[in-house]
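Colleague: I have not looked at this one before, could you walk me through it?

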Amino acid sequence: MIDQSLTVRDAIIQRRSIKQFNGQPVERDALLAILEDAIWAPNHQLRQPWRFVVACGKELVELYDVLKEFAIPKWKELSEDELEKQMKKFKTPGGYVFVIVPEDARQKERLEDYAAASMLVQNVQLLAWDRGIGSCWKTPGYLDNPKFREALGVKSGERIISMLQVGYFDEMPKPKPRKSVDELITIFEKQA
Ligand SMILES: Cc1cc2nc3c(=O)[nH]c(=O)nc-3n(C[C@H](O)[C@H](O)[C@H](O)COP(=O)(O)O)c2cc1C
């Protein structure tokens, strides 16, 4: 087997957020290997401000129960068919990684920790992409719901910064064009 990876540049440019997965399971070994590599993200004072709640395989069933309750507020009133329809977008990803970051009381450290964990998430997304696994960083409001946090075992002083859905997909989304970098750059000129 040829072990050929995308170049860093290709991975960065070609990665897309995948919002429609095809239901194919994500191998636990692959997901854990991705996390193993992703933790090499830069982080100040080596605080390594992250931990993960991972679901793929058999534990997904219980996660669906939790998601149903928080993502679909009127789930009890829905027919089985309707509920199944609304749950489809939660059941097609092959796995979930909830990225949990400590909320340092000091503002500088808290921002640094969020920045470092965001780099880690990008690492996960790029490493997954390199294996043909798509992902999407999701931030639904219920991530901060105390009962949802409790269901995931999140402690006080911690925050879920990302519900990262991972999985295989059939359709490649079109890239959303970015602003030209020319619009963003100011060549430094000392101000008066
Ligand atoms: C911090 C952050 C939060 C995001 N939250 C959501 C979200 O809640 N729902 C969603 O569909 N996409 C979310 N996204 C994904 C963006 O929509 C996506 O990155 C953007 O549309 C650009 O597409 P691309 O990643 O394919 O280049 C989030 C991305 C980031 C970085």
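Modeller: Let me start with a definition: rings of Phe, Tyr and Trp (its six-membered ring) pair if their centres lie within 6.5 Å, with planes under 30 degrees apart counting as stacked, over 60 as edge-to-face and the rest as tilted. By that rule, a search of the whole structure finds 5 aromatic pairs. This is a predicted model, in which local features need pLDDT of at least 70 and side-chain atom pairs count only at pLDDT 80 or more, while totals for chains, interfaces and linings use all residues. Residues are numbered from 1 along each chain as its sequence is written, and side-chain values use heavy atoms, with hydrogens and water left out.

Colleague: How are the rings of Trp129 and Phe169 arranged?

Modeller: Their centres are 5.4 Å apart and their planes are at 15°, so the pair is stacked. Trp129 belongs to helix α5 (residues 107-130) and Phe169 to the segment after β4, so to speak of the chain, the pair links distant parts of it, 40 residues apart.

Colleague: Is Trp129 buried or exposed?

Modeller: Trp129 counts as buried, at 8% relative accessibility, where buried means under 20% relative accessible area, exposed over 50% and partly exposed in between, with a 1.4 Å probe and protein chains only.

Colleague: What about Tyr142 and Phe148?

Modeller: Tyr142 and Phe148 form an edge-to-face pair, 5.1 Å from centre to centre and with 65° between the planes. Tyr142 is buried at a relative accessible area of 13%, and Phe148 is buried at 0%.

Colleague: Which residues of helix α3 are buried?

Modeller: In α3, which covers residues 60-71, the buried residues are Leu60, Leu63, Tyr64, Val66, Leu67, Lys68 and Phe70. What covers them includes β1 (51-56), α4 (80-91), β2 (95-102), α6 (146-152) and β4 (158-167), where contact means heavy atoms within 4.5 Å.

Colleague: Changing topic, which residues surround the ligand?

Modeller: Around the ligand are Arg15, Arg16, Ser17, Lys19, Cys136, Trp137, Lys138, Thr139, Lys176 and Arg178, a residue being near a molecule if one of its heavy atoms lies within 4 Å of it. This shell divides into 2 nonpolar, 2 polar and 6 charged residues; here Ala, Val, Leu, Ile, Met, Phe, Trp, Tyr, Cys and Pro count as nonpolar, Asp, Glu, Lys and Arg as charged, and the others, Gly among them, as polar.

Colleague: What distance separates Ser17 from an oxygen atom of the ligand?

Modeller: An N or O atom in the Ser17 side chain is 2.6 Å from a ligand oxygen atom, and a polar contact is a pair of N or O atoms within 3.5 Å. A polar side-chain atom of Arg16 lies 2.8 Å from an oxygen atom of the ligand, and for Lys176 the distance is 2.8 Å. Taken alone, the ligand exposes 620 Å², and the protein buries 64% of that, with accessible areas coming from the Shrake-Rupley method with a 1.4 Å probe.

Colleague: And what is the overall layout?

Modeller: The protein has 6 helices and 4 strands, which run α-α-β-α-α-β-α-β-α-β from the N terminus on; helices (H or I, at least four residues) and strands (E, at least two) are DSSP runs. Of its 192 residues, 38% count as buried, and the C-alpha trace spans about 65 × 45 × 35 Å along its principal axes.

How values were computed: A polar contact is a pair of N or O atoms within 3.5 Å; within protein, one must be able to donate a hydrogen and the other to accept it, and residues adjacent in sequence count only if both atoms are side-chain atoms.
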